[in-house]
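Have a look at the structure below, then try each exercise before you read its solution.

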Amino acid sequence: MDPELENVKHVMNGEYIVIPIETGYIKPNDSLDSIIEPAKRLMKNGDYLVIAETPISVSQNRLVDEAKYKPSLTAKFLTVVWSKYLWGYILGPLLKIKKRTIMNLRKLPKETEAHKEVVLQLYGLKHALKPASEAGIDLSNAPGTFVSLLPENPEKVAKEIKAQIAKDVCVMIIDTDATYMKNGKYFTGLPIAIEGIEADRGFFGYVKGQLCENMGSTPLGCSEKIDVETALEIANIAEDYQKSLSTEMKTIHSVKEVLGSEIDEVTIEDLDSITHTPAVIIRKTA
């Protein structure tokens with residue numbers, strides 16, 4: 001083991017070392033220095049820095065207040081009939097989607113109608129038809145009735161972060177929404193992904209994906225040209241670490257468990273009261 005890591009928090013994942021970067025809540029218009037400065041200090045040439053999409057989005061102020069959107073009849077139909085009942089009780093079990101997703105769909109709150117309206121207006125029906133996690137919009141790491149959209153130009157952001165670290169490293173921004181594979185070809189429902197993954201498939205990619213192999217988290221942008229297989233491997237190592245954390249807030253239903261607040265009552269102070277791990281450094285041991 002590298003003696004330099006003796007007093008640095010880290011875990012092993014197979015042949016990789018995972019070093020978490022822990023911060024407070026990164027607020028709108030904040031710099032990313034709380035990620036970049038530790039990365040400068042800890043990273044070595046050849047390392048990967050994997051950053052979750054939400055802190056990037058929030059720092060870019062890519063926030064939308066869903067309370068300002070009045071649900072249309074279409075949004076109400078998609079929430080109650082389509083997502084809650086058709087997907088929650090028929091299509092979800094039929095396609096064998098995750099039991100947790102099915103249970104979450106069955107207890108969708110009324111506020112989801114405004115969320116569907118946001119998806120309809122900003123991304124269109126192709127994404128709104130997806131029963132959950134539409135277009136990568138994150139409900140769980142933003143205050144009050146705000147949600148965060150996917151980051152703008154994640155590839156450019158990744159390259160800028162690498163330039164500030166000033167080492168021969170690879171910076172990747174990822175989303176937990178899935179990439180799928182069929183016949184050696186990769187695709188995702190998300191609006192954006194790295195080269196080699198067909199993006200913007202929306203609902204149709206999601207349905208097709210249930211019949212294909214789920215490859216795990218989706219790399220949205222990368223500072224380097226990287227083959228999809230390596231990118232997915234590194235993204236999933238980062239996601240494995242996130243799943244191990246007690247403060248993970250992957251769904252709106254986990255927010256109350258972590259913060260003790262209803263989703264629409266969460267404040268920036270609440271979010272800043274817990275330790276966040278917006279990024280991890282991944283280093284191959286050999």
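**Exercise 1.** Find which residues Ile 51 touches, not counting residues up to four places away in sequence.

*Solution.* Start at Ile 51 and look for contacts (heavy atoms within 4.5 Å). Leaving out residues up to four places away in sequence, Ile 51 touches Ile 35, Ile 56, Ile 161, Val 171, Met 172, Ile 173, Ile 174, Pro 278 and Ala 279.

A note on the source: this is a predicted model, where local features need pLDDT of at least 70 and side-chain atom pairs count only at pLDDT 80 or more, while totals for chains, interfaces and linings use all residues. Residues are numbered from 1 along each chain as its sequence is written, and side-chain values use heavy atoms, leaving out hydrogens and water.

**Exercise 2.** Work out which residues of helix α8 (residues 202-210) are buried, and what covers them.

*Solution.* First, the buried residues (under 20% relative accessible area, 1.4 Å probe, protein chains only) are Gly 202, Phe 203, Gly 205, Tyr 206 and Gly 209. Next, look down the axis of α8: the buried residues fall within an arc of 160°, so they line one face of the helix. Finally, their cover includes α3 (73-95), α6 (125-128), β6 (170-182) and β7 (185-188).

**Exercise 3.** Describe how α3 and helix α5 (residues 112-123) pack.

*Solution.* Begin with the geometry: the axes of α3 and α5 lie 8 Å apart, at an angle of about 120°. Residues making the contact include Thr 74 and Leu 78 of α3, and Thr 112 and Leu 120 of α5. Last, the handedness: α3 and α5 form a right-handed crossing.

Definitions and conventions
Buried < 20%, exposed > 50% of the residue type's maximum accessible area, 1.4 Å probe, protein only. Helix = DSSP H or I, 4+ residues; strand = E, 2+ residues; numbered from the N terminus. Arc of directions from axis to C-beta. Axes fitted to C-alpha atoms, helices over the stretch in contact; angles between N-to-C directions. Left-handed = near helix turned anticlockwise from the far one by under 90°.
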